[in-house]
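Please consider the following structure together with its sequence. The explanation below moves through selected local features in turn.

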Amino acid sequence: MRLETKAVKENSRELRIQAMNEIDAKPVRTLQDKMVKRMYDWWGNWVPDYEGWLKLADSLYAPDAIINAIGGEQKYSDYRVSMKDQRDRCTMEMGPIMQSIVGEDTVALVYDMYLMPKGMEDKVTFTMTVTEFNRFGIVDGKLMVTRLDLYTDGGNMPK
């Protein structure tokens, strides 16, 4: 899928929804098609507030998923706490998926993430490129992410 419009923080939601609708219009024939659809639906429905994110995240990540993000490998329950801490400090926006690749049980994504420190949202935006690998499995009859490995380039955040 190719972005026809340059993605920026301000049009990210619109572009995520557009991509979700394009994927939803395609036939789903294989497990890999289902995994890609799950990720694009997750992306299109993603919301910046913690409670909204939590509701979506609980439907994507298996309760015992391993998450390698925000400081290292952790259980999904701990990742939820890490995300709450991050959301308490920053407003977050996700850019549209710039690239996705699907393998046997894994969907890899590349996108930009925008973090704006609370109280400075109109002054400072840290933009980082993220690559993540979402491994899927069937959990209680549902297709869910059982492992997430997330890597960033650090963006323009101060070191």
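At the start of helix 3 in this predicted model, a side-chain oxygen of Asp49 comes to within 3.4 Å of the backbone nitrogen of Glu51. Helix 3 itself spans residues 50-60, and its buried residues are Tyr50, Gly52, Trp53, Leu54, Leu56, Ala57 and Leu60. The cover over these buried residues includes both helices and strands: helix 2 (31-45) and helix 4 (76-89), together with strand 1 (61-68), strand 5 (126-139) and strand 6 (142-152).

Attention may now turn to strand 4, where Asp112 is located. Asp112 counts as buried because its relative accessible area is 15%, under the 20% limit that defines this class. The side chain of Asp112 forms a polar contact of 2.9 Å with the side chain of Thr129. Beyond residues up to four places away in sequence, Asp112 touches Glu93, Met94, Gly95, Pro96, Met98, Thr127, Met128 and Thr129.

When neighbours within four places in sequence are set aside, Gly103 is in contact with Gln32 and Met35. A further reference point for Gly103 is Arg135: the two residues are 32 positions apart along the chain, and their C-alpha atoms are separated by 9.3 Å.

Key:
Residues numbered from 1 in each chain as written. Predicted model: local features only at pLDDT ≥ 70, side-chain atom pairs only at ≥ 80, totals over all residues. Heavy atoms only, no water. Contact = heavy atoms within 4.5 Å. Helix = DSSP H or I, 4+ residues; strand = E, 2+ residues; numbered from the N terminus. Buried < 20%, exposed > 50% of the residue type's maximum accessible area, 1.4 Å probe, protein only. Polar contact = N/O pair within 3.5 Å; in protein donor to acceptor, adjacent residues only side chain to side chain.
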